[in-house]
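Good morning, and thank you for coming. Please look at the structure on the screen while I speak about its aromatic rings and its nonpolar cores.

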Amino acid sequence: MPRATPLRHRWTALVKSALVAAVALGTLSAGQAQALTYTLRTSFSFGGKAYRVYNADQNITWAQARTQAQSLGTYDLVSINSAAENAAIFGQLTAADWTFNPPSGVNFGPWIGLQINTWVDGTTIASNGYSGYASGQPSGGSESFGHYFGVINALQRDQWNDADDTNINVTVRSFVAEDTPGPLPLLGIAAVFGFSRKLRKRIKNSANPGSSSSTI
């Protein structure tokens, strides 16, 4: 009588079969069937803000990029509010941040925090008065997520495109994140205000030795 296959082995075989089927159907690429790994490629600052560029070892969706950016604590995908900021960010990108896709003829650069015309920080292209979209973009529809891109001979450009992040031909493997610290907590504001009042009183007492002393 043949021995029964252990449940663990049957489960492993089932998972492998599901992954193979997903790759065959195009639901997952061969790379996406593997564990996803991110690497910090560079960090820099501009205009008092901190930025990071991350690379992935396989194609990533805009949603995956944002989840990873937000996992960094006070970070989110970058919101680009001026031509100067766009130039500063593009100046930090290298060939390692781009993936050329021959079928589409597009050189895919990093995801940014743009959904058609709205940034993740709540501002819009209209309210900022600046757009880095390439001519004819955004196209909208299912193509809703912003990224840097270049065309013809794998060029790298400081222009944006909107893409469908579920399309297997969208081969983005990087993203740009920026530090987005929230407002000072109320307790922190109260502490700063209290310290300021004590400091002013101490200075006043120092200028008038006859008055009562005060300590901080």
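A search of the whole structure, which is a predicted model, finds nine aromatic pairs. One of them is formed by Tyr 38 and Phe 175, whose ring centres are 5.9 Å apart with 75° between the planes, an edge-to-face arrangement. Tyr 38 belongs to strand E1, residues 38-46, and Phe 175 to strand E9, residues 174-179, so this pair ties together parts that are 137 residues apart in sequence.

Is Phe 175 buried or exposed? Its relative accessibility is 0%, and Phe 175 therefore counts as buried, since the limit is under 20%.

Phe 175 also pairs with Tyr 54. Here the centres lie 5.3 Å apart and the planes meet at 10°, so the pair is stacked. Tyr 54 sits in strand E2, residues 49-56, and the pair links parts of the chain 121 residues apart. Tyr 54 is buried, as is Phe 175.

Elsewhere, one aromatic cluster consists of Trp 119, Tyr 130, Tyr 133 and Trp 160.

Let us turn to the nonpolar cores. The largest has 19 residues, and Phe 175 is among those that touch the most other members, together with Ile 60, Ala 65, Leu 77, Trp 111 and Val 170. Elements that give two or more residues to this core include E2, helix H2 (62-70), strand E5 (106-115) and E9.

Which residues does Ile 60 touch, leaving aside those up to four places away in sequence? Among them are Leu 36, Tyr 38, Trp 111 and Phe 175.

Apart from this core lies another, of 17 residues, including Phe 44, Val 53, Ile 89 and Leu 114.

Key
Residues are numbered from 1 along each chain as its sequence is written. This is a predicted model: local features need pLDDT of at least 70, side-chain atom pairs count only at pLDDT 80 or more; totals for chains, interfaces and linings use all residues. Side-chain values use heavy atoms; hydrogens and water are left out. Rings of Phe, Tyr and Trp (its six-membered ring) pair if their centres lie within 6.5 Å; planes under 30 degrees apart count as stacked, over 60 as edge-to-face and the rest as tilted. Helices (H or I, at least four residues) and strands (E, at least two) are DSSP runs, numbered from the N terminus. Buried means under 20% relative accessible area, exposed over 50%, partly exposed in between (1.4 Å probe, protein chains only). A nonpolar core is a set of buried Ala, Val, Leu, Ile, Met, Phe, Trp, Tyr and Cys residues joined through side-chain atoms within 4.5 Å. Contact means heavy atoms within 4.5 Å.
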